[in-house]
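Subject: Structure handover

Hi,

Here is the structure we talked about. Please open it alongside this note; my findings follow below.

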Amino acid sequence: MDSMSRLSPTKMLWVVGISTLASVVHADTVAWISDVNAARQQAQATGKIVLVNIHATWCMPCKKLQATTLADPVLAKEINQYCVPVSLDADQHAAQVQQWSISGYPTQLFIAPDGQILHTIVGYVSTANYRAGLQKAITAAGVSVASNTSKKASPSPTPGTPSPATPPG
């Protein structure tokens, strides 16, 4: 007899609930990676932009951005949908940070797959302001937001029936 069949129905529901909760929590968080080159390759393959979050462990605005703005589940979903997100500690990736001439933390770089910086956010920003910056980067990259969101299509008129814009005649 396997271990799952020995669980009582209540314990089984608890295990399933925890598993489901873990997958929901994961879906509502940004899927950060730490390799910029891999992110650029993935962005080229998927048509997404690269988002680089440059932060430092000693930086209080960085911690606030991570705990509030970037913890917003709706924003996290949007970031995952349109970006390949990279998180870099400035102290551990000093050469990379210096190459981008970063002057303050946190810095958010929105980068096209070809390496062009599309938009930059420096410092702590609210969720609404972060979302506006993300939108600017998406627009600059030419990523089609409409194709990545669900919109109801207008119903097609029945053949032989005039459309609302065409007067019967």
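The structure holds two aromatic pairs. Keep in mind that this is a predicted model.

The pair of Trp-58 and Tyr-105 is edge-to-face, because the ring centres are 5.8 Å apart and the planes stand at 80 degrees. Trp-58 sits in the loop between strand 1 and helix 3 (60-67). Tyr-105 sits in the loop between helix 5 (94-99) and strand 3 (107-111). The pair therefore ties together parts that are 47 residues apart in sequence. Trp-58 counts as exposed, at 52% relative accessibility. Tyr-105 is partly exposed, with a relative accessible area of 26%.

Phe-110 and Tyr-130 form an aromatic pair that is also edge-to-face. Their centres are 6.0 Å apart, with 65 degrees between the planes. This pair links distant parts of the chain. Phe-110 is in strand 3 and Tyr-130 in helix 6, 20 residues apart. Phe-110 is buried, at a relative accessible area of 0%. Tyr-130 is buried too, with 0% relative accessibility.

One more ring to look at is Tyr-124. Lys-64 lies over the face of Tyr-124, 4.4 Å from the ring centre.

Now the core. The largest nonpolar core has 20 residues. Which of them touch the most other members? They are Ile-49, Ile-79, Cys-83, Phe-110, Tyr-130 and Leu-134.

Cys-83 is worth a click. Leaving aside neighbours within four places in sequence, Cys-83 is in contact with Lys-48, Ile-49, Leu-51 and Leu-134. Ile-49 stands opposite Cys-83 in strand 2. Strand 1 and strand 2 run parallel and are joined by seven bridges.

Is strand 2 enclosed or open? Seven of the seven residues of strand 2 (residues 83-89) are buried, so the strand is largely enclosed by the rest of the structure. Both faces are covered. On one side, Cys-83, Pro-85, Ser-87 and Asp-89 are all buried. On the other, Val-84, Val-86 and Leu-88 are buried as well.

That is the handover. Send questions whenever you like.

Best wishes

Key
Residues are numbered from 1 along each chain as its sequence is written. This is a predicted model: local features need pLDDT of at least 70, side-chain atom pairs count only at pLDDT 80 or more; totals for chains, interfaces and linings use all residues. Side-chain values use heavy atoms; hydrogens and water are left out. A nonpolar core is a set of buried Ala, Val, Leu, Ile, Met, Phe, Trp, Tyr and Cys residues joined through side-chain atoms within 4.5 Å. Buried means under 20% relative accessible area, exposed over 50%, partly exposed in between (1.4 Å probe, protein chains only). Contact means heavy atoms within 4.5 Å. Helices (H or I, at least four residues) and strands (E, at least two) are DSSP runs, numbered from the N terminus. Two strands pair if DSSP finds at least two bridges between them. Rings of Phe, Tyr and Trp (its six-membered ring) pair if their centres lie within 6.5 Å; planes under 30 degrees apart count as stacked, over 60 as edge-to-face and the rest as tilted. A charge sits over a ring if NZ of Lys or CZ of Arg is within 6 Å of the ring centre and within 35 degrees of the ring normal.
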